[in-house]
Amino acid sequence: MGAELESVIGGALDLTVDAHVHTGFAAGRDSVGVVVSAADQAGLTAVTFADQAGPETTWLSAYADAVRRARRRTEMTLRVAAEVEVVQPDGWLALPADLGHLEAISVAVSRLPLGGELHGARDLRAMLGAGELTPERLAEGLVTATVRGLERASRYAPTQLARPLSLLAQVGLDDAAVTPDLVDALAATCRETGTVVEVSEAWRGPSPRIVAMLRAARVTLVPASDARYAAEVGRWQYLRRV
């Protein structure tokens with residue numbers, strides 16, 4: 001983890017850092033160059049590109065080249081990362097075939113691996129409504145999958161955690177089901193693996209309660225716009241409140 005991304009341990013978030021932006025290579029709309037120009041206009045000092053990637057991704061070489069070219073035109077620190085999904089309860093990740101271009105991996109859990117299947121928000125709401133799943137079990141499964149995903153990803157590259165626990169909000173739950181013990185387990189894994197935790201502007205999370213608990217546990221937190229459009233890069237509302 002570079003010093004420029006060590007945004008906060010126990011202090012205020014460094015809002016001159018944006019640890020998760022997207023480009024037109026995947027989930028975003030704008031080119032790397034346009035994103036860098038917007039970041040410069042926003043007064044940022046460091047940006048991590050974290051486009052969504054998986055086993056079928058074929059553009060990582062071109063993506064990394066675009067970021068390297070952009071470095072020659074700016075004094076900002078630019079990092080090449082990819083957002084990858086946890087797809088099995090043991091933390092197995094949908095990694096791209098070639099990790100050699102990546103300087104970091106941003107780990108996401110958008111669907112819960114449960115009972116041999118991946119369950120999205122709609123499935124989980126139905127399971128909760130039918131009494132097949134409790135909020136507490138969902139929270140425990142989500143934290144467990146996150147912890148195991150971080151442990152696995154950290155074998156390959158420096159890690160950061162994307163939109164932590166956001167699946168709860170998508171299902172319609174607050175974070176009351178996330179007990180202090182679960183937060184402690186997540187924090188311990190982050191410390192052990194050197195994982196930085198993204199505080200996401202786009203996803204409005206984690207909640208102030210979880211942010212405070214992670215901060216108290218001496219987990220490194222970084223601002224992340226999760227911007228799809230260049231105009232959203234480094235623009236903070238939720239993070240200023242947190």
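Colleagues, please keep in mind that the model before you is predicted. I begin with the chain as a whole. Eight helices and nine strands make up its secondary structure elements. Its radius of gyration is 17 Å, close to the 18 Å that the globule rule gives for 242 residues, so the chain is as compact as a globular protein of that length. The C-alpha trace spans about 55 × 40 × 30 Å along its principal axes.

Next, the interior and the surface. Of the 242 residues, 52% count as buried. The accessible surface comes to about 10500 Å², and carbon and sulfur atoms account for 48% of that area.

How do contacts relate to the sequence? Among contacts between residues at least 6 apart in sequence, 75% join residues at least 24 apart.

I now turn to His-20. This residue is found in strand 1, which covers residues 17-21. Is His-20 buried or exposed? Its relative accessibility is 0%, and because buried means under 20%, His-20 counts as buried. The side chain of His-20 forms a polar contact of 3.2 Å with the side chain of His-22. Leaving aside neighbours within four places in sequence, His-20 is in contact with several residues, among them Thr-48, Glu-83, Ser-106, Ala-162 and Glu-198. The contacts of His-20 also include Ala-224, Ser-225, Asp-226 and Ala-227.

Thank you for your attention.

Conventions
Residues are numbered from 1 along each chain as its sequence is written. This is a predicted model: local features need pLDDT of at least 70, side-chain atom pairs count only at pLDDT 80 or more; totals for chains, interfaces and linings use all residues. Side-chain values use heavy atoms; hydrogens and water are left out. Helices (H or I, at least four residues) and strands (E, at least two) are DSSP runs, numbered from the N terminus. The radius of gyration is taken over C-alpha atoms; the globule rule is 2.2 Å times the number of residues to the power 0.38. Buried means under 20% relative accessible area, exposed over 50%, partly exposed in between (1.4 Å probe, protein chains only). Contact means heavy atoms within 4.5 Å. Accessible areas come from the Shrake-Rupley method with a 1.4 Å probe; for residues, only the protein chains shown count as cover. A polar contact is a pair of N or O atoms within 3.5 Å; within protein, one must be able to donate a hydrogen and the other to accept it, and residues adjacent in sequence count only if both atoms are side-chain atoms.
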